[in-house]
Amino acid sequence: AGMSVLTVEKNKVGGECLNCGCIPSKAILKTAQIKNDIENLEKFGLELSGNAKITSALELIRRKIDTIGKAKATKMFENVDSIVSQGEATFVDEHTIRVKDNLYKGKFIFIAVGSEPSIPNINGLSEIDYLTNKNLFKLENIPESLVIIGGGAIACEMGQAFRRLGAKVSLINMDDHIIPSIDKDVASVLDEKLRNEGIDIFNGTTVDEFQKTLNKIEVSFSNKKLVCDRVLIAAGRKPAIDKLGLDRIGIKYTKYGIDVDEFNRTNIKHIYAIGDCNGKSLFSHAAMHQGMLSAMHMIKSTSPCSLKRSGYVVPFSIFTDPEIAHVGLTEKEAKEKNIEFRVIKEYYRDYGRVLIDGKDDGFIKIIATPKGTILGVSIVGDAASELITEWAMALQFNITLDEVAMTQHPFPAVSLLNMRAAQKFMMGKFLEQMKKRRVGKSEIA
Ligand SMILES: Cc1cc2nc3c(=O)[nH]c(=O)nc-3n(C[C@H](O)[C@H](O)[C@H](O)COP(=O)(O)OP(=O)(O)OC[C@H]3O[C@@H](n4cnc5c(N)ncnc54)[C@H](O)[C@@H]3O)c2cc1C
Ligand SMILES: NC(=O)c1ccc[n+]([C@@H]2O[C@H](COP(=O)([O-])OP(=O)(O)OC[C@H]3O[C@@H](n4cnc5c(N)ncnc54)[C@H](O)[C@@H]3O)[C@@H](O)[C@H]2O)c1
């Protein structure tokens, strides 16, 4: 847009997502999935002797991330009148930031500092060398045993990956079921799969105390004791705003993040706060979307689309096996809002394609009004992270269940399950109408 831009990064370009979040976690999950597939070849009538041994898997993942990071750092900023300054930024006044000994002025300022692990206050935790996502991907070896505090996205993804790579894994989760942001029946499918793979899950509890012994860590909770090699804290996030000097210039914030309006502007209108640091939706795609909306707002783009954050649905996916994905309202939320709704469930086990793939666990769950307006969709099963985009699109643009049902989906793509779920609703309505007509006819007769 012809502006000159300064970008300040205190650590590595690419942020958490590339360096210690989405990308390394998905890379470890991929390695774990391949190992698991090889170990289950008999499901496809195949046999291979010997075991898949982990040799340089963790080192290779780190090298790939370095390669992507270097490409990003150069590619992203080429052809742009932009300077990248390495260092920590703090506010001096409403238009000025300090980086080391340099002061920089901007007409507009975007805060995109992300979030950091929230560390619970538990006896003995500071005495053990615990892991978070910041140092997890620097491990040289898979620990023999790992206790994970949490039951959300990180705990489930990393729990399954480390279990499949050979660790004995236990999850200690405060909420009454794993992935608390979705309905329990959806989470239960993953819960059962994780337990079947050998993960111990303790829901509705927290740790009383950690104790360091000679080479191990003792974890006490609910009158039980576990002994493990390493502990991973995955108990949610907090905004990384402590050192920004927000109070100095009067930017308002809470413990969840920087206060923003619909355009992601702070109370100082030329300063925007986007991504994890505003606490609205802690996902990379949401951060990128907010950045795009706010940049368009700043340059007063004449976009035909709404630039308000609330004008857009935020889908999310958990990349476990089976995957979980969700968009819109859950059943629990629809009940709390007192909305009249129906639940439509289409099971994976009824579809030949996923049966032959050996991926027949799970279902699509649709929450819709009696007329077929989609309120929310949750999916647990193979390719859920891909299937959810169609529902996000439908919800975003008010496409009804009948319209999804009438859209041809290529057979035997996994996405045909979306059409079948919508057809279940449409056929249900059709049968009800037929029944009513039959009753009407017999009354006339
Ligand atoms: C293990 C893990 C897995 C995840 N997996 C997924 C996933 O699969 N899909 C998904 O959508 N999301 C995932 N997330 C969430 C995702 O990583 C975040 O939502 C996303 O990175 C937020 O982007 P951001 O730009 O707001 O912040 P960040 O990516 O955190 O970037 C903030 C940057 O600001 C820098 N910084 C902070 N303070 C200052 C300062 N004062 N001066 C200069 N620089 C500063 C930091 O060094 C950092 O590089 C995952 C997170 C974790 C931890
Ligand atoms: N696939 C993805 O999109 C993906 C993957 C990983 C992380 N993320 C993002 O990263 C963020 C952080 O993930 P996360 O898993 O740390 O948090 P989360 O918010 O997903 O889950 C936190 C979990 O920790 C539990 N918990 C909190 N305090 C506890 C305590 N003291 N003892 C025991 N359990 C406790 C909660 O009950 C909850 O189950 C998420 O908000 C998510 O948006 C996304």
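1. In this predicted model, helix α5 is the element that gives the most to the shell around ligand 2, with four residues. The shell has 25 residues, of which Gly150, Gly152, Ala153, Ile154 and Asp175 come nearest to the ligand. Two elements give two or more residues to this shell: α5 (153-164) and β19 (316-318). By class, 15 of the shell residues are nonpolar, seven are polar and three are charged.

2. Strand β19 leads from the ligand shell to a hairpin, which β19 forms with β20, with four residues between the two strands. Their pairing is antiparallel and runs over three bridges. One contact to inspect is that of Ser317, whose bridge partner in β20 is Ala325.

3. Strand β20 also pairs with β23 (residues 374-381), again in the antiparallel sense, over six bridges. Here Glu323 has Gly381 in β23 as its bridge partner. Six of the six residues of β20 (residues 323-328) are buried, so this strand is largely enclosed by the rest of the structure.

4. A separate item is the open sheet of three strands in the order β3-β4-β5, with antiparallel pairing. Its edge strands are β3 (89-93) and β5 (102-105), each of which pairs on one side only. Direction ignored, neighbouring strands of this sheet are turned by 35 degrees against each other on average.

5. Within that sheet, β4 (residues 96-99) is joined to β5 by four bridges, and the two strands run antiparallel. Ile97 stands opposite Tyr104 in β5.

Technical notes: Residues numbered from 1 in each chain as written. Chains lettered and ligands numbered in written order. Predicted model: local features only at pLDDT ≥ 70, side-chain atom pairs only at ≥ 80, totals over all residues. Near = placed C-beta within 6 Å. Nonpolar A, V, L, I, M, F, W, Y, C, P; charged D, E, K, R; others polar. Pairing = 2+ DSSP bridges. Axes fitted to C-alpha atoms, helices over the stretch in contact; angles between N-to-C directions. Buried ≥ 20, exposed ≤ 12 C-beta atoms within 10 Å, placed from the backbone.
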